[in-house]
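Dear colleague,

Please find the sequence and the structure below. A short account of the findings follows them.

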Amino acid sequence: RLGPTSSVLSSLMSTLRSLTSFRCDAYPLTPEAILDLARLDTLHDVDIHLPDAGWPSFEIIHSPFRNLTCICLTSIAGAYIAFANALPLPQLTKLELKLVDIPRQTLVARLFLAIRRQCSPNNLNTLIVETRNDTALIQTAAQDSQAIVQSAHIRTLLEFPLMEFLSVQLNCRHAFDDQLYLDLARGWPQLKTLQLA
């Protein structure tokens, strides 16, 4: 299903010059299809499923996703980290990341660093990082996960001073200290919604 979905999408891109919103999160798109989307200057809102590997060079596009302000990504942790490394999106005001795997401990810190690398402190005000609502995955995670989200991982996000909405709900273990909550209160004076664990 991946091939036809992406090839049809690629063929449509040349005609969809007024598209402002795009959603295709049921199946992973190919990197080439994502490149085609990145060329659309009119896009403001995207909801897509990232492929597990094979990132192209976005440098071939002048200002990819130029006007994108909101993105929702369904992905495994490693694929999101690679995507964030390949494509900064400093204009984003909202990032929603729905993981379809439970990240290994070695990826947890890299996941939050990738968010910081991809987004700009001058714009991001809404961040949602969660395990996708899949019953089988949630049940397996509760039993098998050895990953721990720690205070240091959340503190990486304090570099976003405009934060108004933060939700981090990964199906793994959590170890937050009391100081973290004091730091969040001081660092995010505009915060309206906070959901941790």
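Strand S1, helix H2 (residues 31–38) and strand S2 together form a right-handed β-α-β unit. Right-handed means that, with the strands pointing away from the viewer, the path from the first strand over the helix to the second runs clockwise. Helices (H or I, at least four residues) and strands (E, at least two) are DSSP runs, numbered from the N terminus. Please note that this is a predicted model, in which local features need pLDDT of at least 70 and side-chain atom pairs count only at pLDDT 80 or more, while totals for chains, interfaces and linings use all residues. Residues are numbered from 1 along each chain as its sequence is written, and side-chain values use heavy atoms, with hydrogens and water left out.

S1 (residues 21–28) and S2 (residues 45–49) run parallel and are joined by 5 bridges; two strands pair if DSSP finds at least two bridges between them. Pro28 has His49 of S2 as its bridge partner.

Beyond its neighbours within four places in sequence, Leu95 is in contact (heavy atoms within 4.5 Å) with residues including Ile71, Tyr80 and Ile115.

Yours sincerely
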